[in-house]
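Please have a look at the model first.

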Amino acid sequence: MDPLEKMHFTTIDYVIFALLLVASMGIGLYYALSGGRQRTTQEFLLADRGMSCLPVSLSLIATFQSAVAIVGVPAEIYTHGTQYWFIGCAYILGLFIPAHVFVPVFYRLHLTSAYQYLELRFSKPVRICGTLTFIFQTVIYMGVCVYTPALALNAVTGFDLWGAVLATGLVCTLYTTLGGLKAVIWTDVFQTIVMFAGQLAVIVVGVQQTGGLAEVWRKVWEGNRISGIDLNPDPTERYTFWTLGVGGVFLMLSLYGVNQAQVQRYLSSKTEREAIMSCYMVFPSLQVALALSCVMGLVMFARYCGEDQFHKIGNLSKNEMVLYFVMDMLQDLPGLSGLFIACLFSAALSTISSAFNSLATVTLEDLIKPHCSSMTEARATLLSKGLACSYGLICLAMAYLTHLMSDSVLQAVFKIFGMVGGPLLGIFCLGMFFPWANSTGALAGLGSGLAMAFWVGIGSIVTRTSGGPAAVSHFNCTAVQLSGNITTAIGTALNSTAVPTSTSSQPMGLQRFYSLSFMWYSALSSFTVVITGLIVSFLTGPMKEEDVTPGTLYPLLGNMLFFVPDNLKQNLCCATPLGHRPIIQECPPAQHKESNVQAVYTEEEEEERQNFLPTPVMEHETTV
Ligand SMILES: CC(C)(CO)[C@@H](O)C(=O)NCCC(=O)O
Ligand code: NA
């Protein structure tokens with residue numbers, strides 16, 4: 001298993017790693033002792049709704065950029081070429097739609113938890129089901145996140161696995177519990193910078209040691225790692241332009257549009273405009289993050305292929321490769337491997353801290369508060385700190401469960417996002433875009449979406465399919481060495497067709513369904529929710545637009561049918577434009593008697609809102 005003996009850390013590496021933990025703790029302590037000293041839930045969970053767009057945007061990218069991406073993406077590029085890079089195309093719509101659809105709706109409702117929306121739009125049971133689904137998704141995800149860097153570190157350096165898990169879990173629990181969302185966001189900023197610095201350092205040294213940029217390029221070109229756009233429409237191909245560029249949009253929407261961790265950051269912004277700006281600013285940073293991990297994979301390939309070196313990395317699992325590469329290369333440069341370890345753990349810490357805080361928020365707001373209406377603010381704040389802390393401990397337990405998991409954590413995480421996040425995306429879309437959807441429809445939709453997702457997801461695990469064989473590997477690498485100039489046309493699907501074992505017959509029937517690429521899971525499950533939701537709603541009596549809580553609809557159809565005359569549209573029941581609805585407080589109390597949501601705007605906020613409204617489609621006021 002071990003290609004070489006375990007590699008060692010120097011003191012300076014340990015010092016750098018320790019500095020990361022100490023600095024994160026320091027930020028937590030600072031926000032525990034400054035400002036309002038975390039004495040209200042508004043401060044602890046929403047940073048007093050006073051954040052500006054720069055920290056929020058860096059925090060947004062940190063949330064879903066964990067060690068899973070840092071070790072997973074370069075390994076993917078190393079083994080399969082740069083096709084994965086096309087996921088960058090999905091970032092365009094995947095961020096533009098949240099900025100202009102989800103953020104305005106959530107921000108104007110002045111929510112704390114995204115699931116309050118589901119109660120306003122549908123009913124309390126829908127809200128609770130949504131919350132439970134989110135908790136389920138996040139708890140599994142954070143287990144993977146805390147376990148991945150520890151496992152990689154353990155495999156390559158022999159660093160104690162559970163020691164690393166405990167250190168990250170406990171430090172993170174502590175600063176999250178002490179400093180609240182402000183600490184979470186500002187540690188995210190710091191950790192994102194460390195993350196970028198670590199990756200950049202590895203790339204620079206890697207390029208230098210391989211013999212310069214031209215040499216790296218020659219090797220990855222000859223090794224066929226530069227993939228052209230793969231337009232194969234087959235939905236069972238793991239990564240093609242369609243699965244990444246179209247399926248990926250739904251993945252991005254479920255993460256950046258409706259996931260509580262992100263919604264909470266939008267809601268913590270000073271103004272709606274800052275929230276939208278932060279969403280825009282995620283785009284370049286996310287492209288940088290993607291480019292860094294992809295280039296790292298290419299440099300890794302250039303270093304180990306063609307120099308009779310690939311045997312070193314050949315037996316490693318995908319999760320260990322990157323760390324081995326880093327340690328192997330940086331051995332003589334003390335401090336740099338420490339920086340990379342700090343990068344790996346920064347990525348993990350920033351993700352699990354977001355998870356703790358968002359889990360505490362939904363548990364308090366959606367599950368506890370509705371039952372204890374008389375709770376004092378002090379009690380609620382204490383309770384939310386207790387919850388953040390408990391979720392920290394649950395995270396450690398989940399890390400232990402992840403222990404039993406499969407080889408590629410990147411694929412595993414995408415499956416979780418698609419199987420559980422997809423149905424959640426579906427239920428928000430059902431509520432926002434379709435005025436006819438009712439509560440029964442929403443529940444039936446969510447149930448069937450989850451059922452569909454778990455059917456295909458578990459089917460693929462049991463039959464070991466999903467997006468074709470995870471074929472690979474060093475085949476091309478050796479081929480290059482032997483023949484020197486393989487000139488396969490760029491644009492053919494890489495590897496998966498070149499590796500002999502993958503020429504087995506096409507799957508049929510259910511097998512084919514199970515082998516659906518996991519990049520489609522989000523799209524499949526959210527469409528299932530919407531379609532089932534609409535059918536059941538029409539069968540059980542669709543809602544009328546005027547009965548829907550104002551502000552919970554987005555006039556999608558109204559905007560799309562821009563060519564239809566206004567009075568006809570009114571008859572067709574197209575939702576009122578967002579800008580032309582009353583503020584919630586002015587609505588009849590009966591419509592939201594059970595909710596604790598109130599939209600209150602100061603004059604400046606109201607002005608800000610009015611300045612930033614989408615072009616109205618209809619010029620009338622909603623009936624109040
Ligand atoms: C989720 C995206 C595509 C965008 O943030 C990317 O960061 C990623 O591939 N994340 C993998 C999951 C993780 O790192 O935990
Ligand atoms: Na992260």
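Which side chain has an N or O atom 2.6 Å from an oxygen atom of ligand 1? That side chain belongs to Tyr 141. Before going further, note that this is a predicted model, where local features need pLDDT of at least 70, side-chain atom pairs count only at pLDDT 80 or more, and totals for chains, interfaces and linings use all residues. Residues are numbered from 1 along each chain as its sequence is written, chains are lettered from A and ligands numbered from 1 in the order in which they are written, and side-chain values use heavy atoms, with hydrogens and water left out.

| Residue | Part of the residue | Distance to an oxygen atom of ligand 1 |
|---|---|---|
| Phe 64 | polar backbone atom | 3.0 Å |
| Gln 65 | polar side-chain atom | 2.5 Å |
| Tyr 141 | N or O atom in the side chain | 2.6 Å |

The protein covers 99% of the 380 Å² of accessible area that ligand 1 has on its own (Shrake-Rupley method, 1.4 Å probe). Around the ligand there are 15 residues (a heavy atom within 4 Å), and Phe 64, Gln 65, Ser 66, Tyr 141 and Tyr 256 come nearest. This shell divides into 13 nonpolar residues, 2 polar and no charged, with Tyr counted as nonpolar and Gly as polar. Helices H4 (67-80), H5 (87-108), H10 (241-257) and H17 (409-433) each give two or more residues to the shell, and H17 has the largest share, 3 residues. Helices here are DSSP runs (H or I) of at least four residues.

Where does ligand 1 sit? Its place is the largest cavity, with more than half of its atoms within 2 Å of the grid points. A cavity is a set of points on a 1 Å grid over the protein atoms alone where a 1.4 Å probe fits but cannot get out, and lining residues have an atom within 4 Å of a point. The largest cavity has a volume of about 270 Å³, and the count comes to 7 cavities of 30 Å³ or more. Its lining has 23 residues, with Phe 64, Gln 65, Tyr 84, Tyr 91 and Phe 414 closest to the centre of the largest cavity.

Definitions and conventions
A polar contact is a pair of N or O atoms within 3.5 Å; within protein, one must be able to donate a hydrogen and the other to accept it, and residues adjacent in sequence count only if both atoms are side-chain atoms. On a 1 Å grid over the protein atoms alone, a cavity is a set of points where a 1.4 Å probe fits but cannot get out, and a pocket is an open set with protein on both sides within 12 Å along at least five of seven lines; lining residues have an atom within 4 Å of a point. Grid points are joined across faces, edges and corners, and a volume is the space filled by probe spheres set on the points.
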